[in-house]
Amino acid sequence: MTTAAISSPSIRSFGRLASWLSVRHSVRREAAVALTLYGLYELARGLVGADRAEADAHAHRLVALERSLHLFAESNLQRAAQTLPGLTSLLGVAYLTLHLAVTAGVLLWLHRHRPDGFPFVRTALLLASGLALIGFLVYPTAPPRLAGVGILDTVSGAHIDLNRGLVSTLYNPYAAVPSMHVGYALIVAAGLLRHGRHLLVRAIGALYPPFVVLVIVATGNHFFLDAAAGALVAGLAVALAALLTGRPAAARLAALQSADAAHEQIEYLNAHGTGTQLGDGLGVHNGCLVLGRG
């Protein structure tokens with residue numbers, strides 16, 4: 001005789017969430033959820049308080065670690081980019097636009113043309129954002145351009161200032177670790193490499209993350225170790241997304257429906273007495289659903 005345990009409300013709620021994440025919903029619904037959650041993410045990111053001295057100290061620790069690993073080459077990369085006419089301005093525009101524009105564009109493409117791949121990429125991006133918030137809270141870090149390590153802010157100019165005005169109110173400058181420009185880029189690239197049917201699409205997917213690393217480092221907004229932390233967050237998010245969306249959505253929904261039906265039957269039988277046989281070897285004994293033969 002086998003006893004089937006009924007899921008607790010928290011487990012059933014988790015199952016419902018996993019089922020929702022495993023399914024591609026309408027563009028309007030997906031957009032509403034994504035915009036709401038991203039707005040909350042940016043708000044929480046901006047509200048995370050950071051002491052300037054602490055953030056600077058963390059940045060200098062990263063520099064010391066990079067020096068010990070012979071990785072501290074951000075200033076060299078920035079100077080090399082400045083030797084090419086127009087490249088610095090191009091990278092500044094890319095820093096301000098690609099992070100959201102490319103991510104949104106790829107999500108729309110997947111939603112319309114690769115519906116089976118959309119839930120995984122969307123879920124991975126959501127999870128990465130949540131994990132990144134933990135990093136911003138635990139380890140507030142100044143970007144290179146504010147750390148006083150000889151790296152310039154090449155984005156700010158006559159029309160844009162990352163440190164003052166409207167732009168500065170939209171984000172926390174000390175939320176540099178992990179770099180979610182890199183985290184998002186890797187997840188987006190995985191979607192393009194997995195679901196791109198044309199060589200050009202897959203090539204763009206392969207080249208996009210290293211280009212983003214160039215952008216964030218040459219503009220003075222992240223260290224190489226920030227990028228490595230972003231890659232780590234992306235890897236964890238992808239692994240969790242695979243667990244949440246791995247089972248077919250139909251199987252999840254069927255399992256949940258069966259659990260709901262069994263739960264309702266037990267509630268009914270608890271109200272009308274125990275020891276009741278439901279047929280086909282199914283019954284209730286002492287409030288538990290029992291499966292047995294003969």
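On this tour, buried means under 20% relative accessible area, exposed over 50%, and partly exposed in between (1.4 Å probe, protein chains only). Residues are numbered from 1 along each chain as its sequence is written, and side-chain values use heavy atoms, with hydrogens and water left out. Keep in mind that this is a predicted model: local features need pLDDT of at least 70 and side-chain atom pairs count only at pLDDT 80 or more, while totals for chains, interfaces and linings use all residues.

Start by selecting His70. At 73% relative accessibility, histidine 70 counts as exposed, and you'll find it in the loop between α3 and α4 (74-82). (Helices here are DSSP runs of H or I, at least four residues, numbered from the N terminus.) Check the backbone too: histidine 70 has a positive phi of about 60 degrees, though it isn't a glycine. Most residues other than glycine have a negative phi, and most peptide bonds are trans.

For another backbone stop, jump to Val177 and Pro178. The peptide bond from valine 177 to proline 178 is cis, with omega near 0 degrees. Proline 178 sits in the loop between α7 (165-169) and α8.

Now go inside and pick Met180, Ile187 and Ile216. These have the most contacts within the largest nonpolar core, which has 37 residues. Such a core is a set of buried Ala, Val, Leu, Ile, Met, Phe, Trp, Tyr and Cys residues joined through side-chain atoms within 4.5 Å. Color α5 (87-113), α6 (118-138), α8 (180-195), α9 (199-218) and α10 (224-245): each gives two or more residues to this core. Which residues are in contact with isoleucine 187, leaving aside neighbours within four places in sequence? Counting heavy atoms within 4.5 Å as contact, they are Val121, Ala124, Leu125, Ala128, Ala234, Ala237 and Val238.

Next, show charged side chains. There are 2 salt bridges, meaning a side-chain nitrogen of Lys or Arg within 4 Å of a carboxyl oxygen of Asp or Glu. In one, glutamate 30 meets arginine 122 at 2.9 Å, N to O. Glutamate 30 is in helix α2 (residues 27-47) and arginine 122 in helix α6, so the pair ties together parts 92 residues apart in sequence. Both glutamate 30 and arginine 122 are buried.

Last, select Arg52 and Asp56, whose closest N and O atoms are 3.1 Å apart in a salt bridge. Both lie in helix α3 (residues 52-68), 4 residues apart, about one turn of the helix. Arginine 52 is partly exposed at 42%, whereas aspartate 56 is buried at 16%.
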